[in-house]
Structure formats: structure tokens, C-alpha cells
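Biologist: Could you walk me through how to read a few features of a model like this one? I would like the general idea and then the case at hand.

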Amino acid sequence: MTARFATICVIPCIIAGTAVAQLVPEAVETGEVCPNRPSEPAIIADMDVRESHKRILVQRMYRAAAFQDIADTGLCTCEARFPSWDVAVDYYLENYSRIDNQYEVQQITKTYRTSIAANRAMVRELCEAQGNWD
């Protein structure tokens with residue numbers, strides 16, 4: 001009786017799991033605006049989950065630099081909005097990659113997040129006017 005019950009419970013679960021997997025679309029990071037955005041470099045994509053705070057730091061550095069450039073120049077081209085990752089990655093490797101204290105990395109990240117927030121409204125307005133905001 002127990003084996004039969006297990007079989008009855010397992011088959012619907014497998015079928016339901018398959019159905020759910022087929023109904024959930026894959027996440028694809030291609031925006032309608034600037035579809036030729038550079039992909040995150042392997043150094044970021046390959047970071048261990050235990051270093052997600054470092055990954056977030058590099059992502060914030062990248063966005064803060066792009067937003068600052070747009071705010072400074074008033075130009076929201078695709079190249080300005082989604083520049084090469086090289087500058088952010090190089091700066092991270094030179095200045096932050098050896099920091100082991102998660103709290104310290106989070107405090108540095110907060111600085112970049114604050115910069116993004118300070119520029120966001122102006123950057124959004126500029127980019128919407130130039131057709132490069134999604």
C-alpha cells in the first residue's frame with residue numbers, strides 16, 4: 001500500500017513540475033532600448049553565490065558611472081547608458097576585490113547606490129527625452 005501511495009503521489013508531482021517549468025518563460029536580459037548592451041563579464045557572472053555582495057558592488061559601480069556620465073554630459077546614447085564594463089571591473093579589481101569583510105563591501109556599495117539615486121531622476125528625464133529609457 002505504501003509503495004502504491006508513493007507512486008500515485010510522485011507521478012502527479014513530476015507531471016506538475018514539468019508543466020510549471022514549461023509555463024515559466026526564461027529570463028532574458030534584452031531591453032527594447034539599446035538591445036546591443038554589453039553582457040556582464042565572466043568575472044561577475046562567475047562569482048560564487050557567497051560573494052554576491054561583491055557582484056552587487058560591481059553592478060552598482062557600473063550603473064553609477066554611467067548615470068554620472070549622462071548627468072555630466074546631458075547625452076543619453078546607448079554607449080553612455082550601457083558602456084563597456086572594463087572601467088568598472090578594472091577599478092573593482094584594483095580597489096575592492098581583496099576586501100573580505102562583507103559589511104565593508106556593503107558600505108562601499110551604499111555609496112554607489114546613493115550616487116545612482118542622486119542622478120536617477122535627471123538621467124531618466126534625459127534618457128526618456130532622447131528615447132533611451134525602458
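Biologist: Which residues does histidine 53 touch, not counting residues up to four places away in sequence?

Modeller: For a contact, look for heavy atoms within 4.5 Å. Please keep in mind that this is a predicted model. Here histidine 53 touches Gln102, Val105, Gln106 and Thr109 once residues up to four places away in sequence are set aside. Histidine 53 itself has its place in helix H3.

Biologist: Is histidine 53 buried or exposed?

Modeller: The relative accessible area decides, and under 20% means buried. Histidine 53 has 10%, so the residue is buried.

Biologist: At what angle do H3 and H6 pack?

Modeller: To read a helix pair, take the angle between the N-to-C directions. For H3 and H6 the angle is about 30 degrees, and the axes are 8 Å apart. Angles under 35 degrees count as roughly parallel, and H3 and H6 are therefore roughly parallel to each other. As for handedness, H3 and H6 make a left-handed crossing.

Biologist: Now the aromatic residues, please. How many aromatic pairs are there?

Modeller: Ring centres within 6.5 Å make a pair, and by this rule there are four aromatic pairs. Take tyrosine 62 and tryptophan 85: the ring centres are 3.7 Å apart and the planes are at 5 degrees, so this pair is stacked. The cut-off for stacked is under 30 degrees between the planes.

Biologist: Which parts of the chain does that pair link?

Modeller: Distant ones: tyrosine 62 belongs to helix H3 (residues 52–73), while tryptophan 85 sits in the loop between helix H4 (78–81) and helix H5 (86–95), and the two are 23 residues apart. Tyrosine 62 is buried at a relative accessible area of 9%, and tryptophan 85 is buried with a value of 9%.

Biologist: Let us go back to the loop between H4 and H5, where tryptophan 85 lies. What is tryptophan 85 in contact with, leaving aside its neighbours within four places in sequence?

Modeller: The contacts of tryptophan 85 are Pro38, Ser39, Glu40, Pro41, Ile44, Val58, Gln59 and Tyr62, with neighbours within four places left aside. Tryptophan 85 and valine 58 are 27 residues apart in sequence, and their C-alpha atoms are 9.2 Å apart in space.

Biologist: And for the protein chain as a whole, how many helices and strands are there?

Modeller: There are six helices and zero strands, which gives the order α-α-α-α-α-α from the N terminus on. Of the 134 residues, 28% count as buried. The chain exposes about 9400 Å², with carbon and sulfur atoms supplying 57% of that area. For contacts between residues at least 6 apart in sequence, 75% join residues at least 24 apart.

Notes:
Residues are numbered from 1 along each chain as its sequence is written. This is a predicted model: local features need pLDDT of at least 70, side-chain atom pairs count only at pLDDT 80 or more; totals for chains, interfaces and linings use all residues. Side-chain values use heavy atoms; hydrogens and water are left out. Rings of Phe, Tyr and Trp (its six-membered ring) pair if their centres lie within 6.5 Å; planes under 30 degrees apart count as stacked, over 60 as edge-to-face and the rest as tilted. Helices (H or I, at least four residues) and strands (E, at least two) are DSSP runs, numbered from the N terminus. Buried means under 20% relative accessible area, exposed over 50%, partly exposed in between (1.4 Å probe, protein chains only). Accessible areas come from the Shrake-Rupley method with a 1.4 Å probe; for residues, only the protein chains shown count as cover. Axes are lines fitted to C-alpha atoms, for helices over the stretch in contact, and angles run from 0 to 180 degrees between N-to-C directions. Angles under 35 degrees count as roughly parallel, over 145 as roughly antiparallel, 65 to 115 as roughly perpendicular and the rest as oblique. A crossing is left-handed if the near helix is turned anticlockwise from the far one by less than a right angle, and right-handed if clockwise.
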